[in-house]
Amino acid sequence: MIAEEMVNLGEKKSAIRENFEYGRQRMEQIGKEKVFDFSLGNPNVPAPAGVRRAMEKLLNQKDDVELFGYTPAQGIFETRKAIADNLNFRFGTSFRPDNFYITCGAASGIRIITQALTVPGDEYIIFAPYFPEYKVFVEAAGGKFVEVKTRQEDFQIDFSALEQAITEKTKAVLLNSPNNPSGVIISEENIIRLAALLNKRSAFYFFSALPLSTPAETPLCGRDQHPLHPLPFRSV
């Protein structure tokens with residue numbers, strides 16, 4: 001006996017993955033320079049030079065046993081402290097290293113959080129379009145997945161639709177910005193308005209699938225600086 005629900009999920013082909021594989025095939029046939037891959041969202045720009053220097057420094061100076069061994073479950077203290085110091089400097093917050101739990105990517109973080117928070121009957125609101133795995137995370141934790149369509153003209157939050165979707169069972173609103181797959185950055189005005197709405201309900205949590213500091217905030221977003229920061233939200 002195996003879980004039929006997981007079998008059904010596994011039998012559903014991912015259009016994104018199929019496009020990715022097709023792109024790789026075409027690259028081999030006609031040349032990489034002639035194929036533009038918009039499937040998985042792999043970066044097409046190099047990492048900042050500082051990332052390379054930091055990796056080289058670690059390889060040259062750190063003990064191999066320490067470098068390639070397991071870390072504490074919560075993450076290395078120095079790393080968590082660096083994150084706290086950075087956010088406190090940028091946003092005037094008062095985070096401590098113990099406020100952070102480091103995971104291997106946003107997916108594992110959201111999976112852990114939904115599993116920890118969900119009790120029977122909880123609902124999670126997500127703005128469509130969205131990354132399909134969010135639904136898997138929520139339902140695997142036993143929650144109900146509630147889709148709220150964004151405004152058709154610009155993919156920004158439709159607050160009328162959002163307020164209609166909110167019930168006493170709503171546990172969280174998941175917000176992904178820049179959005180996957182639309183690429184839209186939620187405006188600062190809408191972030192503040194969303195925060196004001198959620199702050200009225202102390203049981204709400206706010207998740208962002210984008211770290212608060214990545215190369216995507218500046219080089220990729222251009223003039224549209226990413227406005228997500230923790231200040232407006234009480235339950236982040």
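User: Where in the chain is P178 found?

Analyst: P178 is found in the loop between β3 and α9. This is a predicted model, in which local features need pLDDT of at least 70 and side-chain atom pairs count only at pLDDT 80 or more, while totals for chains, interfaces and linings use all residues. Residues are numbered from 1 along each chain as its sequence is written, and side-chain values use heavy atoms, with hydrogens and water left out.

User: What makes a stretch count as a helix or a strand, and how many of each are there?

Analyst: Both are DSSP runs numbered from the N terminus: a helix is H or I over at least four residues, a strand is E over at least two. By that rule the protein chain has nine helices and four strands. Along the sequence they follow the pattern α-α-α-α-α-α-β-α-β-α-β-α-β.

User: What is the peptide bond from S177 to P178, cis or trans?

Analyst: That bond is cis, with omega near -5°. P129 lies in the loop between β1 and α7 (133-140). Most peptide bonds are trans.

User: What is the phi of F155?

Analyst: F155 has a positive phi of about 60°, although it is not a glycine. Most residues other than glycine have a negative phi. F155 sits in the loop between β2 and α8.

User: Why is F155 called partly exposed?

Analyst: Buried means under 20% relative accessible area, exposed over 50%, and partly exposed in between (1.4 Å probe, protein chains only). The relative accessible area of F155 is 36%, so F155 is partly exposed. L9, in helix α1 (residues 4-11), has 33% and therefore gets the label partly exposed. Across the 236 residues of the protein chain, 31% count as buried.

User: What makes a group of residues a nonpolar core, and how many residues has the largest one?

Analyst: A nonpolar core is a set of buried Ala, Val, Leu, Ile, Met, Phe, Trp, Tyr and Cys residues joined through side-chain atoms within 4.5 Å. The largest has 16 residues, and those with the most contacts inside it are I125, F127, I157, L162, L175 and L194. At least two residues each come from β1 (123-128), β2 (144-149), α8 (159-165), β3 (170-175) and α9 (188-199). The largest share, four residues, comes from α9.

User: Which residues does L162 touch, leaving aside its neighbours within four places in sequence?

Analyst: A contact means heavy atoms within 4.5 Å. On that basis L162 is in contact with I125, F127, V148, I157, L194 and L197.

User: Why is the pair K171 and D122 called a salt bridge?

Analyst: A salt bridge is a side-chain nitrogen of Lys or Arg within 4 Å of a carboxyl oxygen of Asp or Glu. The closest N and O atoms of K171 and D122 are 2.8 Å apart, so the pair qualifies under that definition. K171 is in strand β3, while D122 is in the loop between α6 (106-117) and β1, 49 residues away. Both K171 and D122 are buried.

User: How many salt bridges does this rule give?

Analyst: The count comes to six. One of them pairs K81 with D85 at 2.8 Å, N to O. Those two lie in helix α5 (residues 77-91), four residues apart, about one turn of the helix. K81 is partly exposed at 37%, and D85 is partly exposed at 39%. Another joins E66 and K62 at 3.1 Å, N to O. E66 counts as exposed because its relative accessibility is 52%, whereas K62, at 36%, counts as partly exposed.

User: Which residues lie nearest the centre of the largest cavity?

Analyst: Of its 14 lining residues, F127, P129, T150, N176 and N179 lie nearest the centre. The largest cavity holds about 100 Å³ of space. β1 gives the most to its lining, with three residues.

Definitions and conventions: 1 Å grid on protein atoms, 1.4 Å probe; cavity = no way out; pocket = protein on both sides within 12 Å on 5 of 7 lines; lining within 4 Å. Points joined across faces, edges and corners; volume = space filled by probe spheres on them.
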